[in-house]
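Here is a briefing on one protein model. Look at the sequence and the structure first, then read the points below.

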Amino acid sequence: MHGPSLPSVLKSKPATHDTTTTHDQLIAGLARVTSPQETPIYICAFQDCNRLFPSRDRVMLHRKRDHNSEEDRDIITWNE
C-alpha cells in the first residue's frame, strides 16, 4: 500500500447523546452499502488529525486553516 494509512485503533472521544433523531427515522433505517463514486471520503492524516472531508479541496482548506500547511500529502481516500 502506498501513502498513509489509518491506525487500527483511533484516539477515542466522548460520545454525545443523540437528541435529534426521531423514532420514525430509526425505523426507516440509516445505513446502506455505497461506493467511492457515490460517497467520496477524504481523510486528513496530517499529524494524526484523521478528520473526514467530502473532497480534496475541503481537506486542503482545512489544512491551511487548522494546520497552517499547504502540504497535499498524507490524505487517505478511496476515490483516487
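**Briefing: fold, core and charge pairs**

Among contacts in the protein chain between residues at least 6 apart in sequence, 43% join residues at least 24 apart; contact here means heavy atoms within 4.5 Å. The model is predicted, so local features need pLDDT of at least 70 and side-chain atom pairs count only at pLDDT 80 or more, while totals for chains, interfaces and linings use all residues. Residues are numbered from 1 along each chain as its sequence is written, and side-chain values use heavy atoms, with hydrogens and water left out.

**Layout and surface**

- The protein chain has 2 helices and 3 strands. Both kinds of element are DSSP runs, numbered from the N terminus: helices are H or I with at least four residues, strands are E with at least two.
- Read from the N terminus, the order of elements is α-β-β-α-β.
- Of the 80 residues in the protein chain, 16% are buried. Buried means under 20% relative accessible area, exposed means over 50%, and partly exposed lies in between (1.4 Å probe, protein chains only).
- The protein chain has an accessible surface of about 6,800 Å². Carbon and sulfur atoms account for 52% of that surface. The areas come from the Shrake-Rupley method with a 1.4 Å probe, and for residues only the protein chains shown count as cover.

**Nonpolar core**

- The largest nonpolar core has 6 residues: Tyr42, Cys44, Phe46, Phe53, Val59 and Ile75. Such a core is a set of buried Ala, Val, Leu, Ile, Met, Phe, Trp, Tyr and Cys residues joined through side-chain atoms within 4.5 Å.
- In soluble globular proteins, nonpolar side chains tend to be buried together.
- What does Val59 touch, not counting residues up to four places away in sequence? Its partners are Tyr42, Cys44, Phe53 and Ile75.
- Cys44 belongs to this core. Its relative accessibility is 0%, so Cys44 counts as buried.

**Cysteines**

- A search of the whole structure finds 0 disulfides. A disulfide is a pair of cysteine sulfur atoms within 2.5 Å.
- Cys49 counts as partly exposed, because its relative accessibility is 21%.

**Salt bridges**

- How many salt bridges does the structure hold? There are 5. Each is a side-chain nitrogen of Lys or Arg within 4 Å of a carboxyl oxygen of Asp or Glu.
- Arg56 pairs with Glu80, and their closest N and O atoms are 2.5 Å apart. Arg56 lies in helix H2 and Glu80 in the segment after E3, so this pair ties together parts that are 24 residues apart in sequence.
- Arg56 is partly exposed at 27% relative accessibility. Glu80 is exposed, with a relative accessible area of 62%.
- Lys64 pairs with Glu70, with 3.7 Å between the closest N and O atoms. Lys64 is exposed at 51%. Glu70 is exposed at 60%.
- Asp66 and Arg65 meet through their side chains at 2.8 Å, N to O. Asp66 is partly exposed at 37% relative accessibility, and Arg65 is exposed at 60%.
- Arg51, Arg65 and Asp66 are linked in a network of salt bridges.

**Loops**

- Where is Ser69 found? Ser69 sits in the loop between helix H2 (56-67) and strand E3 (75-77).
- Is Ser69 buried or exposed? Ser69 counts as buried, because its relative accessibility is 12%.
- Leaving aside neighbours within four places in sequence, Ser69 is in contact with Phe46, Arg63 and Lys64. Phe46 is one of the core residues, and Lys64 is in the salt bridge with Glu70.
- Asp74 lies in the loop between H2 and E3 too. Its phi is near 60°, a positive value in a residue other than glycine. Asp74 is partly exposed, with a relative accessible area of 30%.
- Gln47 lies in the loop between strand E1 (42-44) and strand E2 (51-53). Gln47 has a positive phi of about 50°, although it is not a glycine. Gln47 is exposed, with a relative accessible area of 61%.
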